[in-house]
Amino acid sequence: DVLKKGKDSPYYDCFYIIDEDKPLLPVDTDQLKTMSYHEVKALFKDLDHLNYRTFAFTPFMPKVKTMHPAMQAYFLDVATYWIKHFDIDGWRLDVSNEIPHAFWRAFRDAVKAEKQDAYIVGENWDDSMPWLLGDQYDAVMNYEILFPIWQFFGPHPDFKPLSKHDFIERINQALFTYPDHINEAMYNLVDSHDTARIKHICGQSEAKVKMAYAFMYAFPGSPSVYYGDEIGMSGGHDPKNRQCMNWDKTNQALDIQAFFKRLNQIRKTEKAMRSTWFHWLDVDDDRVLMFQKDTLLFIMNHQTKTTTINLPKPFHHAIDLLSEKTYQQTTLSLKAYDLLILKQT
């Protein structure tokens, strides 16, 4: 609208125009419509051709004055429209840490007034406490646990692998970064549309994928599964991680699908899975992770060799919730990449 009408557009002041006495582009809109994609791309390659500020050096995304009354009203109308007319349950806010706090306060007021329990989650990749004080978001995407999960269970080729000690330290840091009530609302993940898939990160090992997801499901907050992970889809960085969903059941990993169904059931029925309380247990083997959450004991043998561990006394009589196998013993022999969720009996 601004390109077409210039200063006569009601949205002219909603953008960061550099020189009001010059056109926004070196060509008019009619000429722009006749140009090929490659011609347009070449035109925009030099940002000096643009008479407006942009987001992230992307010429097709003009920087917006989110605090301008007209622009703010436009966005807040969008936010409430989808709740009013389609009863959506919330909003995920892309690159949300690059928008003023004052805008998100107005956004929350508008959304919560329309639907009090709407879920507002921000895509923040770092410590997000300033956004989680009760006046903006309900939660953020929990990259604070995603990275250590990659580095311990993967490990991701672009990140330094973590020892068990360092992994526990990073997870404890994530737990203590936010109050319990915020941890209980966090959007937890092990991969997304912005990352390689967890199976790719784990070197195509389904056993490692199961451990990574089992740990994430044991973390307080809302566990999320990136579409296709539950049937064994893999893929590196964009666009390989964004392939269409594989609906062909003959080409799906039914074993991992059954694992996800069981994991979902355990998460729903076992309150301890959602607890913010972790008790890390000492195991001499640096590749065996063992921790307790109330009546549950999680054991993960993250290595190719077998090993034997001592079970804590409360779990000398237990059932593995994944396999439904019962145990009455003081020691446990673990196979390569064994994963158990023991419950006291």
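**Values and their labels**

Modeller: Let's begin with P155, which sits in the loop between α6 (143-153) and α7 (164-177). The model is predicted, so local features need pLDDT of at least 70 and side-chain atom pairs count only at pLDDT 80 or more, while totals for chains, interfaces and linings use all residues. Residues are numbered from 1 along each chain as its sequence is written, and side-chain values use heavy atoms, with hydrogens and water left out.

Colleague: What makes a stretch count as a helix or a strand?

Modeller: Both are DSSP runs numbered from the N terminus: a helix is H or I over at least four residues, and a strand is E over at least two. By that rule the protein has eleven helices and 15 strands.

Colleague: Back to P155, then. What kind of peptide bond joins G154 and P155?

Modeller: A cis one, with omega at about -10 degrees. The bond from D238 to P239 is cis too, and its omega is near 10 degrees. P239 belongs to the loop between β7 (222-223) and α11 (254-269).

Colleague: Why is Q204 called partly exposed?

Modeller: Its relative accessibility is 42%. Buried means under 20% relative accessible area and exposed means over 50%, with partly exposed in between (1.4 Å probe, protein chains only), so Q204 counts as partly exposed. Q204 lies in the loop between α9 (198-201) and α10 (206-217), and has a positive phi of about 70 degrees although it is not a glycine.

Colleague: What makes D294 partly exposed?

Modeller: The relative accessible area of D294 is 36%, so the label is partly exposed. D294 is in the loop between β9 (288-293) and β10 (296-301). Without being a glycine, D294 has a positive phi of about 55 degrees.

Colleague: And how do you know whether G232 is buried or exposed?

Modeller: G232 comes out at 16% relative accessibility, so it counts as buried. This glycine is in the loop between β7 and α11. Leaving aside residues up to four places away in sequence, G232 touches K199, A253 and I256, where contact means heavy atoms within 4.5 Å.

Colleague: Why are α6 and α10 called roughly antiparallel?

Modeller: They pack at an angle of about 150 degrees, with their axes 10 Å apart. Axes are lines fitted to C-alpha atoms, for helices over the stretch in contact, and angles between N-to-C directions run from 0 to 180 degrees. Under 35 degrees is roughly parallel, over 145 roughly antiparallel, 65 to 115 roughly perpendicular and the rest oblique, so this pair is roughly antiparallel.

Colleague: Which residues of α6 and α10 meet?

Modeller: I145, I149 and F153 in α6 meet K208, M211, A212, F215 and M216 in α10. They divide into seven nonpolar, no polar and one charged. Here Ala, Val, Leu, Ile, Met, Phe, Trp, Tyr, Cys and Pro are nonpolar, Asp, Glu, Lys and Arg are charged, and the others, Gly among them, are polar.

Colleague: What makes β8 and β13 edge strands?

Modeller: The open sheet has six strands in the order β8-β9-β10-β15-β12-β13, with antiparallel pairing. Two strands pair if DSSP finds at least two bridges between them. β8 (279-280) and β13 (326-328) each have a single partner strand, so one side of each is left without a neighbour in the sheet. α7 packs on this sheet and touches β8 and β9, its direction making about 35 degrees with that of β9.

Colleague: How do you know that β12 and β13 pair?

Modeller: Three bridges join them in the antiparallel sense, and I319 stands opposite T326 in β13. β12 also pairs with β15 over three antiparallel bridges, where the bridge partner of I319 is K343.

Colleague: Why do the side chains of a regular strand fall on two faces?

Modeller: In a regular strand they alternate between the two faces of the sheet.
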